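Hi everyone, thanks for coming along. I'd like to walk you through one model today, so please have a look at it while I talk.

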Amino acid sequence: GATLNLRDPEAVKLVEELVATSDVVMENFATGVLERLGLGYSHLRTIKPDLVMISGSTMGVTGPDRNSMGFGPNVCSYAGQPFITGYEGGPPQNLGGNWPDYLVGTIMAFSIMSALWHRNRTGQGQYIEVSMAETITSMMPEAFLEYTMTGNPVQRIGNHDPDMVPHNVYECEGDDAWVAIAVRSDEEWRSLCQILGRSELSDDPKFATLKARKSNEPELDTLIGEWCASRSNSEITNLLQAQKIPAGPIMNVFDLVTDPHMVSRGYAVEIDHPAAGAGAVGGLPVKFSAMPKLPYFHAPLLGQHNDYVFADL
């Protein structure tokens with residue numbers, strides 16, 4: 001963590017010295033800011049010809065909307081995500097939290113690693129632009145294919161799914177307790193009927209096939225909802241998972257960090273921060289065979305490494 005006032009010409013010189021000994025420049029200023037500071041890619045590559053540089057922006061660095069600024073929620077709106085999210089018959093809804101931040105950050109890190117791998121093979125650097133809105137749009141291919149091929153906008157369907165029935169979130173016994181259930185096949189539907197104690201439903205013409213279940217989805221949701229209401233979400237999860245039917249409790253943060261599966265995976269990581277103290281944070285949701293213990297560390301303090309960067313590097 002190093003601090004510089006980039007409006008100061010001396011600071012710009014320090015950045016140039018730092019770039020000369022660096023592999024990557026990553027920036028997410030508003031479009032055009034670095035160029036106006038004299039630190040655009042065309043200039044920096046004269047200092048470091050094989051530089052890998054990546055720019056993350058709301059709407060990209062070219063095009064008529066390149067000067068748009070934003071963060072997670074309105075990036076989602078630019079991308080069209082709220083239009084396909086929400087309950088049937090209801091208004092568009094944005095996602096909770098800043099979901100784009102996690103996705104875009106991951107895509108940018110992956111892009112950098114790919115570019116460095118390419119540079120190691122060819123000796124060539126490159127400039128990468130990542131539009132946050134385009135990145136979100138890439139996660140909704142079905143909606144764009146549907147409209148492109150049929151002219152019909154995708155309709156909001158809540159927690160339902162076009163190819164799985166039942167597929168919903170059901171209220172359970174307890175305070176604001178819910179369980180998600182997804183049935184992928186007629187075989188899983190028959191297994192669910194056995195668990196419900198309603199084996200006759202598997203032969204009922206209204207529910208025997210995917211098409212029939214889809215046509216009678218409200219009635220089906222009511223039946224399952226009544227069964228779930230008198231049971232805990234953990235009990236339902238265990239019953240269904242034992243029969244290979246996808247199910248899981250809807251968790252709050254406290255449920256998540258104490259969940260046996262997440263604990264066994266080592267997802268929560270204890271980190272000691274010199275200012276904030278010790279605490280658990282979410283780690284990476286992936287594991288690497290060659291890196292059994294990842295080197296997690298706290299975020300740097302403001303200007304913590306100024307002496308190292310500006311004196312040693």
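This is a predicted model: local features need pLDDT of at least 70, side-chain atom pairs count only at pLDDT 80 or more; totals for chains, interfaces and linings use all residues.

Residues are numbered from 1 along each chain as its sequence is written, and side-chain values use heavy atoms, with hydrogens and water left out.

Let's start with the open sheet: three strands in the order S1-S2-S3, paired in parallel. Helices (H or I, at least four residues) and strands (E, at least two) are DSSP runs, numbered from the N terminus, and two strands pair if DSSP finds at least two bridges between them. S1 (24-27) and S3 (126-131) are at the edges with a single partner strand each, so one side of each has no neighbour in the sheet. On average, neighbouring strands here are turned by 10 degrees against each other, direction ignored. Between S1 and S2 (residues 52-57) there are four bridges, and Met26 sits opposite Ile54 in S2.

Helix H6 (residues 99-122) packs on this sheet and touches S1, S2 and S3, with contact meaning heavy atoms within 4.5 Å. The direction of H6 makes about 160 degrees with that of S2; axes are lines fitted to C-alpha atoms, for helices over the stretch in contact, and angles run from 0 to 180 degrees between N-to-C directions.

Now to helix H1 (residues 9-20). Which residues of H1 are buried? They are Ala11, Val12, Val15 and Val19, where buried means under 20% relative accessible area, exposed over 50%, and partly exposed in between (1.4 Å probe, protein chains only). As a reminder, an α-helix has 3.6 residues a turn, so residues three or four places apart point the same way. Facing away from the buried side of H1 are the exposed residues Pro9 and Glu17. The cover over the buried residues includes S1 and helix H3 (41-47).

On to the cores. A nonpolar core is a set of buried Ala, Val, Leu, Ile, Met, Phe, Trp, Tyr and Cys residues joined through side-chain atoms within 4.5 Å. The largest one has 21 residues, and among those touching the most other members are Ile181, Trp189 and Ile236. Strand S5 (178-182) and helices H9 (186-196), H11 (217-228) and H12 (233-242) each give two or more residues to this core. A second, separate core of 16 residues includes Ile54, Val75, Val130 and Met132.

S5 also pairs with S4 (residues 167-171), antiparallel over five bridges, with His167 opposite Ala182. These two strands make a hairpin with six residues between them, and Gly174 in the turn has a positive phi of about 120 degrees. S5 pairs with S6 (residues 247-249) too, antiparallel over three bridges, and there Ile181 stands opposite Ala247.

Finally, the loops. Thr58, between S2 and helix H4 (72-79), is buried at a relative accessible area of 5%. Leaving aside neighbours within four places in sequence, the contacts of Thr58 include Val75, Tyr78 and Met132. Leu294 lies in the loop between S8 (277-282) and H15 (306-312), and touches Leu284 and Phe288, not counting residues up to four places away in sequence.
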